[in-house]
Amino acid sequence: MPEDHTPRQPRFGSRRPAPRRHPARGRVRAMILAACATVLAVALAAGIYSSAAARSTAVSPRTAPAAPSAPASAPASAPASASIDTALGSRINAIIEANSQYQIGVALADLSQGAASEDVHEYGVQEKFVAASTAKVLAAAAYYHLVETGAASLDDPLGSYTAGFQLREMIQQSDNDSWSLVMDAVGHGELTDFAASLGVSYDPETNTLTPAEMASILSGVYSGALLNAEDTAQLLSYMQDTNYETLIPAAVPDGITVFHKYGLLDDELHDAGVLAQGNTAYALVIYTKGQSLSDVPERTEVIHQLTQAVAGALF
């Protein structure tokens, strides 16, 4: 922090002897000066208090978000979530059809409190994609599950660091070395079995998922159905402010919280997230496959268009 310099007082030259004054006049002058000094002191004190009060009410710099309480509840007066209707489906399909040079799959599920159904709505390609780094959410949930059953600990050494550190790096920074360590700690067969318990067919060797399967994984995480409240909150906190916020998060309006995990690998560009505001929450998964990394900017724009269509209709 920069030092707080106090201005120096001006220097004065030597003073000449003051002329002799009448004692009575001197006392009167002294009383006047004392009164002025008192008034000045009060004014200065008031100014200092006012300045301090202004600083105390100023907007503080943005701080890292606290771990959410999975999912956060909203006031009872919060409006009910909007429905995923045919009009929204038509808009999503129109965007997909306008970009038919790419393979695009979209999955959307209502995770709002009191939602009538957790059915996943699918648009575009419904087959499996190479999931790239979006599958790291599944690996993280599987490891947390081991912790909750007593088979592992967040303090266990994984590589040069603890398992807890590797989980954070895998999700927030999308570290592939951390991913390999976590998957080896879980075990590939156990990871497949864990996915199957969620109704998801997943083979770590091929790392493929459909958009709908990824939406189901997000639903389980966000709703707290997979993990206890503490682990759910921690995992969701890692899915905020990641090292790549240019896809779904960049296209949502202010006031909507995004928990997400992107994937970028060769010709795959994906983002899988939960959009939440009060009682309202939706899982949104957008998987795209293009020609190469050269068309990432164009597919990023498609992801933005799809996100804006969804957010505009549902929030």
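In this predicted model, Gly105 has Gly124 of strand β2 as its bridge partner. The two strands concerned, β1 (residues 103–110) and β2, run antiparallel and are joined by five bridges. Strands of a sheet pair through backbone hydrogen bonds, in either a parallel or an antiparallel manner. Here, five strands make up an open sheet with antiparallel pairing, and their order is β2-β1-β9-β8-β7. Strands β2 (120–124) and β7 form the edges, each of them pairing on one side only, and from one strand to the next the twist averages 10°. Helix α2, which comprises residues 86–98, lies across β1 and β2 and runs at about 30° to β2.

Five aromatic pairs are found when the whole structure is searched. In one of these, the ring centres of Tyr244 and Tyr262 are 4.7 Å apart and the ring planes stand at 35°, so the pair is classed as tilted. Distant parts of the chain are linked by this pair, since Tyr244 belongs to the loop between α8 (229–238) and β7 (257–265), whereas Tyr262, 18 residues away, lies in strand β7 itself. Tyr262 counts as buried because its relative accessibility is 10%, under the 20% limit. Over the face of Tyr262 lies Lys261, at 3.9 Å from the ring centre.

A further buried residue is Arg299, with a relative accessible area of 1%, which is located in helix α9 (residues 296–314). A polar atom of the Arg299 side chain lies 2.8 Å from the backbone oxygen of Asp267. Apart from neighbours within four places in sequence, the residues in contact with Arg299 include Tyr102, Glu268, Leu269 and Thr288.

Key: Residues are numbered from 1 along each chain as its sequence is written. This is a predicted model: local features need pLDDT of at least 70, side-chain atom pairs count only at pLDDT 80 or more; totals for chains, interfaces and linings use all residues. Side-chain values use heavy atoms; hydrogens and water are left out. Helices (H or I, at least four residues) and strands (E, at least two) are DSSP runs, numbered from the N terminus. Buried means under 20% relative accessible area, exposed over 50%, partly exposed in between (1.4 Å probe, protein chains only). A polar contact is a pair of N or O atoms within 3.5 Å; within protein, one must be able to donate a hydrogen and the other to accept it, and residues adjacent in sequence count only if both atoms are side-chain atoms. Contact means heavy atoms within 4.5 Å. Rings of Phe, Tyr and Trp (its six-membered ring) pair if their centres lie within 6.5 Å; planes under 30 degrees apart count as stacked, over 60 as edge-to-face and the rest as tilted. A charge sits over a ring if NZ of Lys or CZ of Arg is within 6 Å of the ring centre and within 35 degrees of the ring normal. Two strands pair if DSSP finds at least two bridges between them. Axes are lines fitted to C-alpha atoms, for helices over the stretch in contact, and angles run from 0 to 180 degrees between N-to-C directions.
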